[in-house]
Amino acid sequence: MDNFNIIYKILKELEKAMDYDEFYMDRISAERLKISENRLYKILEMLTKEGYVDGISLKYGVQGECIISVNNPRITLKGLEYLNENNLMKKAANFAKGIKETVPGL
């Protein structure tokens, strides 16, 4: 699966969780996303470092094992902006695709 699709799914789940008191990490588990745990950890680390999510902390042990600490994970304003921009890009791509399909010779 494309990394950006995974990022979108993670952010979308965190955005949905804004309506609830608690977020359950199984909503974005490696198994549910059909990716390796290593990939999930690296993506979560990137999302945290870039300021798209808050409340998730990852540390790596001496032997490379990942220790994840979760304290009220949530999407940030920057994460919401990413979702909005991504959604607008999808709409524009679908619009362009529709024009191409209806106008011969493009």
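This is a predicted model: local features need pLDDT of at least 70, side-chain atom pairs count only at pLDDT 80 or more; totals for chains, interfaces and linings use all residues.
Residues are numbered from 1 along each chain as its sequence is written, and side-chain values use heavy atoms, with hydrogens and water left out.

**View A. The surroundings of T76.** T76 sits in the loop between β2 (66-75) and α4 (77-102); helices (H or I, at least four residues) and strands (E, at least two) are DSSP runs, numbered from the N terminus. Setting aside neighbours within four places in sequence, T76 is in contact with G51, Y52, V53 and D54. Is T76 buried or exposed? Its relative accessibility is 19%, so T76 counts as buried (buried means under 20% relative accessible area, exposed over 50%, partly exposed in between, with a 1.4 Å probe and protein chains only).

**View B. The aromatic pair of Y52 and Y82.** Searching the whole structure turns up one aromatic pair. The ring centres of Y52 and Y82 are 5.5 Å apart and the planes meet at 70 degrees, so the pair is edge-to-face. For the cut-offs, rings of Phe, Tyr and Trp (its six-membered ring) pair if their centres lie within 6.5 Å; planes under 30 degrees apart count as stacked, over 60 as edge-to-face and the rest as tilted. Distant parts of the chain are linked by this pair: Y52 belongs to the loop between α3 (37-49) and β1 (53-60), Y82 to helix α4, and 30 residues separate them. Both Y52 and Y82 are buried.

**View C. K78 over the ring of Y52.** Here K78 lies over the face of Y52, 5.3 Å from the ring centre. The rule asks that NZ of Lys or CZ of Arg be within 6 Å of the ring centre and within 35 degrees of the ring normal.

**View D. The salt-bridge network of E13, K16 and R27.** Salt bridges link E13, K16 and R27 in a network, a salt bridge being a side-chain nitrogen of Lys or Arg within 4 Å of a carboxyl oxygen of Asp or Glu. In the bridge between E13 and K16, the closest N and O atoms are 3.6 Å apart. About one helical turn separates E13 and K16, because they are three residues apart in helix α1 (residues 3-16). For E13 and R27, the closest N and O atoms are 3.2 Å apart. E13 lies in helix α1 and R27 in the loop between α1 and α2 (30-33), so this pair ties together parts 14 residues apart in sequence. E13 is buried at 14% relative accessibility, whereas K16 is partly exposed at 41% and R27 is partly exposed at 31%.

**View E. A bridge between two strands, D54 and R74.** D54 and R74 form a salt bridge whose closest N and O atoms are 3.2 Å apart. Since D54 lies in strand β1 and R74 in strand β2, the pair ties together parts that are 20 residues apart in sequence. D54 is partly exposed, with a relative accessible area of 38%, and R74 is partly exposed too, at 34%. By the rule given for View D, the count comes to five salt bridges.

Definitions and conventions: Contact means heavy atoms within 4.5 Å.
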